[in-house]
Amino acid sequence: MIRSRLLKRNLPKRIGRVNGGRPYMVLALESSCDDACVALLDKYSKDQPPKVIDQFKETLNSSGTGGIIPTDAHEFHQFTVANLVSRFCKKHNLNSSSPPDLICCTRGPGMVGSLSASLQFAKGLAMSWNKPLIGVHHMLGHILIANLPKNQQPEMGAPKYPFLSLLCSGGHTMLVFLKSLTEHEIIINTVDIAAGDSIDKCARELGLVGNMLGKELEKYVNSIPEALKERFENINTNSRDNEFSFQLSLPLRSPKHLKIPENLEFSFASFLSTIQGYRTKYFKSKDFDEVTNMFIAFKLQELVFDHIINRINIAFIKHGIDKESYAKADGKFKGVEDFICSGGVAANEKLRNKLYNNLNYSNLTNTSDHVLNFHFPDLALCTDNAIMIGVAGIEIFEKLKVKSDLSILPIRKWPMNELLKVDGWVELNGEEVETIRNLDL
């Protein structure tokens, strides 16, 4: 029932003094959904991103249950977290005589049962080792993972505020505008379900199986012969007037919808209902033939991502500075030069290519040669992981100088724009900061 893996990276061991100060070690835990993760990071310099030492990760196998059942996930984490962290600490000689300097753990959003397993364990470690605990926002972790060096983009530094982030996963799909570590504005949110959830449900409807159905759908589409892909590419599904009599169009684009609405939204629920309705009408609820199955899979992936691109492009028009394109353009995105795409769905190469090639960011500036820097985390760090929780916890500790009280509880829903509005934040005093890190913070 359990799938286990260790993230293998050629990363440096802990190093000595830098800039006259001392490095500090961070232990991070994540268990917001079906992944139990623990990681160790080394913050060796105030001016450099942390170094990742190691990560252990185990995942609940939900391929046979048609999705993640919260009670199963809760039991999995209760069974897994303590032993996972124990093995990890033994490997890296972390104990009461040689503890890490800071403990970070996901507080929310997520499944309360899953969150509670690692959060309660992290509280125990913080109390036993007398170290500060940082309760981290899961989605902030997905965003700030872009601060780490990227294997596929070695020249790319950390994004600079203000920047935009597309968070695209099984639980969330939103475009967030970040002015600073704590100033977040949700520009586009989902009106129904997340893109990853929609893809998973549709992939299951197409007969795909596995623990990560979005990845399985991508593999399936990539396996389609090139000649068939070219044929599928040229078939218009805005109406049923095609050889498959299959209609699948972009959501929120009917005549009743404004081209530039007051409130921008994503909508992904209609993809599943369309496929189910088509099966009932034309196949009497039986399985699709193989060519039809490939066609639907191909069009599904294309249109889910085209919908994301369409909504973001409208946001660029609405919040850009080009009033020739839109008289009410408010210039909110002026100065934006960095764009992050993170979350489990961000591992999809098709989505990455569409973002890079099809986003129309020309109206963010008055110059035609403006370049938007796209940050795509390494594939292994797109799905839930403890490394991102450590990275975000370090930012909170160093920039905000706060920790979490040991009375904090998991948060099922925690809006991105309310990072510091929840209970449990405690200001660090100068002695606590100095104890952990002897650098100018």
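Here is a friendly conversation about a predicted model, covering its domains, helix packing, cysteines and backbone.

Student: How far apart do the C-alpha centres of domain 1 and domain 2 lie?

Tutor: Start with the domain assignment, which gives domain 1 as 24-146 + 383-437 and domain 2 as 154-376. Their contact takes 24 residues from domain 1 and 24 residues from domain 2. Between the C-alpha centres of the two domains, the separation is 30 Å.

Student: At what angle do helix α1 and helix α2 pack?

Tutor: Two packed helices are described by the angle between their axes and the distance between the axes. Here α1 covers residues 70-91 and α2 covers residues 112-129, and their axes are 8 Å apart. The crossing is right-handed, and the packing angle is about 35 degrees.

Student: How many nonpolar, polar and charged residues make up the contact of α1 with α2?

Tutor: On the α1 side, the residues that meet α2 include Ala73, His77, Val81, Val85 and Cys89. On the α2 side, the partners include Gly113, Ser116, Phe121, Leu125 and Trp129. Sorted by class, the contact of α1 with α2 has nine nonpolar, seven polar and no charged residues.

Student: And how many charged residues are in the contact of α6 with α8?

Tutor: The axes of α6 and α8 come within 10 Å and cross at roughly 60 degrees, in a right-handed crossing. From α6 come Leu228, Lys229, Arg231, Phe232 and Glu233, which meet Val291, Met294, Phe295, Phe298 and Lys299 in α8. The class count is six nonpolar and no polar residues, with the charged ones numbering four.

Student: Is Leu119 buried or exposed?

Tutor: Leu119 sits in helix α2. Setting aside residues up to four places away in sequence, it touches Cys105, Thr106, Arg107, Ile408, Leu409 and Pro410. Its relative accessibility is 0%, and the cut-off for burial is under 20%, so Leu119 counts as buried.

Student: How far apart in space are Thr292 and Phe244, C-alpha to C-alpha?

Tutor: Thr292 lies in helix α8 and is buried, with a relative accessible area of 4%. Leaving out residues up to four places away in sequence, Thr292 touches Phe244, Tyr278 and Phe283. Thr292 and Phe244 are 48 residues apart in sequence, while their C-alpha atoms are separated in space by 7.3 Å.

Student: Which cysteine has the sulfur nearest to that of Cys168?

Tutor: A search of the whole structure finds zero disulfides. A disulfide needs two cysteine sulfur atoms within 2.5 Å, and for Cys168 the nearest cysteine sulfur is 6.1 Å away. Cys168 is also buried, at 1% relative accessible area. The nearest sulfur belongs to Cys341.

Student: What about Cys202: how far away is the nearest cysteine sulfur?

Tutor: Cys202 counts as buried, at 0% relative accessibility. Cys202 is in no disulfide, and the nearest cysteine sulfur is that of Cys168. The distance to that sulfur is 14 Å.

Student: What is omega for the cis peptide bond that joins Tyr161 and Pro162?

Tutor: Pro162 can be found in the loop between α3 (138-144) and β7 (163-168). The peptide bond joining Tyr161 and Pro162 is cis. Omega for this bond is about -5 degrees.

Student: Is Ser245, with its positive phi, buried or partly exposed?

Tutor: Ser245 is not a glycine, yet it has a positive phi of about 50 degrees. Ser245 lies in the loop between α6 (226-233) and β10 (265-266). At 24% relative accessibility, Ser245 counts as partly exposed.

Student: What is the phi of Leu252?

Tutor: Leu252 is in the loop between α6 and β10. Although Leu252 is not a glycine, its phi is positive. The value is about 60 degrees.

Key:
Residues numbered from 1 in each chain as written. Predicted model: local features only at pLDDT ≥ 70, side-chain atom pairs only at ≥ 80, totals over all residues. Heavy atoms only, no water. Axes fitted to C-alpha atoms, helices over the stretch in contact; angles between N-to-C directions. Helix = DSSP H or I, 4+ residues; strand = E, 2+ residues; numbered from the N terminus. Left-handed = near helix turned anticlockwise from the far one by under 90°. Contact = heavy atoms within 4.5 Å. Nonpolar A, V, L, I, M, F, W, Y, C, P; charged D, E, K, R; others polar. Buried < 20%, exposed > 50% of the residue type's maximum accessible area, 1.4 Å probe, protein only. Domains from an automatic or database assignment.
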